[in-house]
Amino acid sequence: MSVLDYARVRDAFDVCVAVELERRGGLLAAIALNPEERAELDSLLAAHDAHAPHDEVSNRISAAAANSIDALERPARLGPWRITGEIGEGGMGVVLSAVRDDGEYDQTVAIKVIRGFSSAAARDRLRRERQILASLEHPNIARLLDGGSTPGGEPYLVMEYIDGEPLGEWASRAQPLRERIQLFAAICRAVAFAHQRLVVHRDLKPGNVLVRRNGSPVLLDFGIAKLVETDDTAGDGTRTHTMTPAYASPEQLRGEAVTTASDVFGLGLLLFVLLGGDVRQRLDPLRAASTSVNSASNAARGSEHAAVRAFAPQLRGDLDAIVRQATRLDPARRYPAASLLLQDIEAWLDGRPVAARAGDHWYQLRKLAYQYRAVLAFGVVLMLAAAGFTAQLAVERNRARSAEARALQEAATAREVVAFLTGLFADLDPRRSPDTANLSARELLDRGRANLDLVPASSPQARATLQRSLGDVYRASSQPQQAIELLSQARAVFAADPDAVADLIEIDTVLSQAHNEMLDVDAALAASERAVAAAQPREAIDPRRLADSLMTRGVARQRLNRFDQALADFERAQALFERSGEQGRLGLTSVLHNRGWVAEAQGRNQEALDWYEKAVAAKRALLGEDNPFTFNSVTAQAKVLALLGRNQAAAAVLDALIPRVARVHGERSLSYRMLQGELGSVLQDLGRLSASETAYLRGLELSRQVEGDTLSARTAAMINNLATLREERGDLVQAERGYRESLAIRLRTLNPADLGIARAQSNLARALIQRGELDEAGQLLDQANASRRAALPAGHPELLISDGMRLEWLLARGDLGGANASATQLREALASTPTPPAPRSHARILAVLARHARAIGDTQRAVALFDSALEKLGTALPDNHPGIALLRLDLAETLRASDPARARSLRAQAQAVLEVALVADAPQRARFRNE
Amino acid sequence: MSSAPIDLGELITAWRSGKAEAEAVLSREVYQLLKRMAGARLAQGGPATLEATGLVHEAVARLLGGNSDWTSRDHFFALVAMQMRAVLVDGARRRSADKRGGGAAHVTLGGVADPVVTEDSLLELHEALLRLSERDARAARVVELTYFGGMRAHEIAPVLEVSDATIERDLAFGRSWLKRELST
């Protein structure tokens with residue numbers, strides 16, 4: 001009897017199917033198999049070769065899956081649940097007990113069958129929102145397991161059945177104070193967990209908390225009140241009222257938006273009850289809405305239970321304060337989040353001081369939170385990260401609204417969102433929440449963006465809303481590329497909605513800002529023109545949005561060197577902001593900043609510094625230190641300090657600023673990268689060349705990582721500045737390479753009229769002159785000069801720089817005739833300009849005039865000009881700066897014959913600096929070596 | 001009485017770090033999740049055809065979030081695929097039992113030609129797979145991961161610690177084997 005060895009069959013099968021059919025016969029003959037094995041192999045090969053139009057396996061699986069759940073239920077059963085009895089009947093319907101008896105998992109559940117859910121739309125919504133609650137998994141929250149509709153069409157919810165004692169009963173027994181508080185801490189933790197996932201309980205009361213035999217509390221009906229209340233189509237008579245008046249917050253009693261703060265209130269009442277308090281006084285809703293609860297210690301003193309009376313004295317002070325803080329009538333004055341209430345409870349348990357007694361500082365935090373919009377916006381992202389399904393919730397809300405109700409509901413939703421954000425803001429504070437401390441803002445954002453894919457494509461509205469929120473956050477956190485992508489997608493959807501004008505204005509405004517940040521001025525101008533055009537007719541009702549759009553248009557115009565138009569936009573925006581009251585205060589600080597910018601762009605640096613300092617002071621007062629808007633003005637202040645040659649001051653400002661920016665925006669953010677560039681530039685001027693190079697390279701490395709193959713104009717500026725550093729160190733090959741890259745990027749990304757291109761051309765020309773490539777240098781100078789003359793008013797310092805470069809080039813060519821004319825003209829322009837160039841450029845112009853004087857044999861004038869160049873440069877750069885050393889070398893060469901002693905001393909001074917600063921093969925080395 | 005709800009994130013972490021007892025609990029939780037998701041889909045009146053592989057992908061995405069660089073992702077995928085098979089087979093078996101028990105008429109979704117055949121056919125497939133795994137366990141596993149998990153050869157290879165080519169061969173063999181078994 002032979003045995004079938006499957007391994008042998010399998011080996012033979014593998015060999016046979018690997019070869020062509022016609023070669024198989026020969027192979028089969030060569031394989032030794034017993035008859036059983038041979039028969040098995042033959043039938044398998046036959047199956048393998050058989051032509052099958054469909055994949056049988058796959059067909060069977062998908063057909064079976066389609067049938068895997070029964071669509072309709074039998075009576076006495078709901079889904080897989082067999083009804084075993086009735087637990088009770090409540091306001092919303094009957095509660096049944098049931099077991100699952102399919103032999104797989106034994107599980108007892110509580111099923112709530114909800115009555116009065118008349119409309120199909122409401123039932124649909126219930127089904128969808130249920131999913132969010134089903135994802136709430138926490139040991140102290142009874143799980144929503146399942147749900148569906150009865151054969152009669154009534155929705156039902158299946159919840160984990162909890163075997164426990166209601167909190168009120170538990171508390172009426174002689175529980176020690178400490179255990180009561182520990183139990184309460186567990187409740188707070190569960191509520192905070194749910195809040196972080198965007199679920200508000202809405203109906204916290206002792207009856208909804210069961211205490212298991214092991215002493216752990218379990219919250220029932222989390223978020224159920226919300227599910228059930230959404231039946232907005234039912235008439236008043238049938239509408240289900242789920243909140244319990246004695247435990248409802250004042251805002252709920254008034255019918256206002258329910259937020260996390262309402263749950264904080266509910267928690268406060270639970271604590272009050274746990275401490276022996278009695279809420280019967282709140283049975284009258286009118287009184288309850290306007291009267292605070294009694295102090296816990298007073299309530300406990302009057303308790304009918306001896307055990308409660310015994311601990312009453314211990315409640316005075318901290319616990320009284322905690323209850324008071326949690327149950328304030330004004331939601332804004334309560335703990336902004338359950339996690340913060342929990343912190344106080346934990347502090348009490350540890351014997352540490354309790355924040356509630358420090359006064360009203362949550363109120364201040366909340367006020368502050370409104371201002372930290374960018375940081376808060378991360379809350380949106382956290383929400384996305386935490387609950388991808390929220391999106392659907394938003395869609396359904398939007399869709400179900402009737403036109404009249406829409407405005408009101410939107411306002412309510414906005415309030416809810418702000419309240420959530422406020423809570424999340426506190427939760428995001430790394431000192432309070434170690435979990436989120438590990439996530440940088442950027443990671444949160446990227447996670448949020450990834451979760452956008454979870455939003456069904458069938459919900460374009462919700463997707464657009466979220467894209468817009470995320471886009472706003474990316475923009476606020478200085479990642480404009482991502483912002484543009486998301487906002488453009490969102491815009492397409494909003495543009496189709498005639499009621500979304502205000503949204504569209506805002507989207508275009510933010511888009512314009514993002515384009516501006518990318519230095520894509522044409523796109524920025526176009527977006528801001530759209531925003532202004534849409535906002536103009538609404539000026540009377542909505543001055544602030546018009547002002548915002550004017551501000552962004554002003555910025556775009558400014559970048560196109562239309563200074564007067566830009567200033568007009570800023571000034572008009574200023575007037576509109578002043579009319580907008582509180583809402584306009586932030587805008588007014590931006591006006592201060594932008595007027596500084598206009599002054600700076602026109603070369604009035606001292607005036608610019610004054611405006612920036614005003615802007616910084618105003619923003620610090622309004623927004624605080626760690627705010628992106630404050631960062632902007634501080635950055636501008638540092639830049640203009642550097643322009644004024646006050647590099648020490650600039651470096652000090654930047655050193656303080658950079659770690660803050662890293663903390664708020666992350667190191668990959670555009671602003672962090674650009675500040676590294678700025679720091680590099682200031683350090684370069686301070687002569688700290690290695691530190692400068694480190695800063696540039698750090699910024700560039702990050703930029704190349706973030707931007708990949710499509711480097712931005714901002715990065716080009718950094719590349720340019722690094723090239724100037726290399727030029728200063730005599731590394732002309734690297735300098736030329738850098739200037740070329742910078743020019744190429746600017747030509748690709750900037751408007752042809754942008755002076756950034758002219759500056760890059762001019763810089764590249766300077767490097768080429770030093771390398772003797774005069775033809776190309778001349779062409780570049782012509783182009784740069786043409787752009788500058790077209791854009792700038794006569795006497796602008798940049799025009800003098802242009803003329804200086806021309807003279808340099810003429811000298812390099814040995815064209816003395818041309819040089820003479822050019823030098824005369826340049827001297828006159830320099831003498832008559834109202835705004836002399838910044839010290840470095842000024843010194844460079846004086847130096848080229850000096851070289852011209854030397855070239856025509858006027859040594860005396862050359863020496864005088866070099867001396868004044870050195871003096872100018874000395875106001876901007878430290879004495880040991882290589883730029884000064886190189887000028888000294890020039891001067892030494894000029895003085896060689898007339899004053900050899902001074903020449904030697906100057907050369908020695910220069911050499912000491914340049915030996916260190918210059919690269920090994922710098923051509924300048926020859927100038928002091930050959931002497 | 002049910003056990004306390006479990007933190008799935010923690011469970012996955014425990015399972016990843018090789019805690020043997022975590023696998024059973026995690027499998028049970030994944031089973032529940034897949035059931036809930038399947039139920040929710042149908043309750044929403046979504047597409048009548050519930051795609052098993054789509055559910056598996058969605059479940060993995062939900063449980064792991066954006067952790068695409070997660071090294072044990074494929075292993076986790078495989079675990080979910082196995083549970084998907086269990087969910088479908090259990091469902092088919094239960095309905096099949098209901099019919100034999102003479103309960104109320106079984107109502108199925110429209111659009112499927114012959115539901116009775118469908119249910120039995122899945123059980124048939126399941127049993128054929130069991131037989132295959134007695135003869136060639138790895139081939140059976142490859143079929144399962146391919147069809148119930150929607151996994152590709154290069155995703156299965158690291159789970160079973162063999163080459164992609166071996167997976168392809170396993171699949172060719174397993175498919176032929178099942179085709180033969182199901183046609184007789």
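**Helices in a predicted model: reasons behind the terms**

In this predicted model, the secondary structure of chain B comes to 8 helices and 0 strands, and from the N terminus on its elements run α-α-α-α-α-α-α-α.

Me: What makes H37(A) roughly antiparallel to H38(A)?

Reply: Helix H37 (residues 774–791) of chain A packs against helix H38 (residues 797–813) of chain A at an angle of about 160 degrees, with the axes 10 Å apart. Angles over 145 degrees count as roughly antiparallel, and therefore H37(A) is described as roughly antiparallel to H38(A). The crossing of these two helices, H37(A) and H38(A), is left-handed. On the H37(A) side the contact involves residues including Leu774(A), Ala777(A) and Leu781(A), while H38(A) contributes, among them, Leu799(A), Met805(A) and Trp809(A). By class, the residues of this contact of H37(A) with H38(A) divide into 8 nonpolar, 3 polar and 5 charged.

Me: Why are H1(A) and H3(A) called oblique to each other?

Reply: The angle between helix H1 (residues 6–18) of chain A and helix H3 (residues 35–49) of chain A is about 40 degrees, and their axes lie 10 Å apart. Roughly parallel would need an angle under 35 degrees, and roughly perpendicular one of 65 to 115, so H1(A) and H3(A) are oblique to each other. H1(A) passes H3(A) in a right-handed crossing. Among the residues that make the contact are Val9(A), Phe13(A) and Val17(A) of H1(A), together with Leu41(A), Leu44(A) and His48(A) of H3(A). The contact of H1(A) with H3(A) has 8 nonpolar, 1 polar and 3 charged residues.

Me: Why does Gly818(A) count as partly exposed?

Reply: Gly818(A), which lies in helix H39 (residues 816–832) of chain A, has 15 C-beta neighbours inside 10 Å. A residue is buried with 20 or more such neighbours and exposed with 12 or fewer, so Gly818(A), with 15, counts as partly exposed. Gly818(A) and Leu807(A) are 11 residues apart in sequence, and their C-alpha atoms are 8.1 Å apart in space.

Me: How do you know that H26(A) is mostly covered?

Reply: Of the 17 residues of H26(A), 16 are buried, where buried stands for 20 or more other C-beta atoms within 10 Å. Helix H26 (residues 543–559) of chain A reaches 24 Å from its first C-alpha to its last, which is close to the 24 Å expected at 1.5 Å a residue. Just after H26(A), Asn561(A) takes a positive phi of about 65 degrees.

Technical notes:
Residues are numbered from 1 along each chain as its sequence is written. Chains are lettered from A and ligands numbered from 1 in the order in which they are written. This is a predicted model: local features need pLDDT of at least 70, side-chain atom pairs count only at pLDDT 80 or more; totals for chains, interfaces and linings use all residues. Axes are lines fitted to C-alpha atoms, for helices over the stretch in contact, and angles run from 0 to 180 degrees between N-to-C directions. Helices (H or I, at least four residues) and strands (E, at least two) are DSSP runs, numbered from the N terminus. A crossing is left-handed if the near helix is turned anticlockwise from the far one by less than a right angle, and right-handed if clockwise. Two residues are in contact if their C-beta atoms, placed from the backbone, lie within 7 Å. Ala, Val, Leu, Ile, Met, Phe, Trp, Tyr, Cys and Pro count as nonpolar, Asp, Glu, Lys and Arg as charged, and the others, Gly among them, as polar. The expected span of a helix is 1.5 Å times one less than its number of residues.
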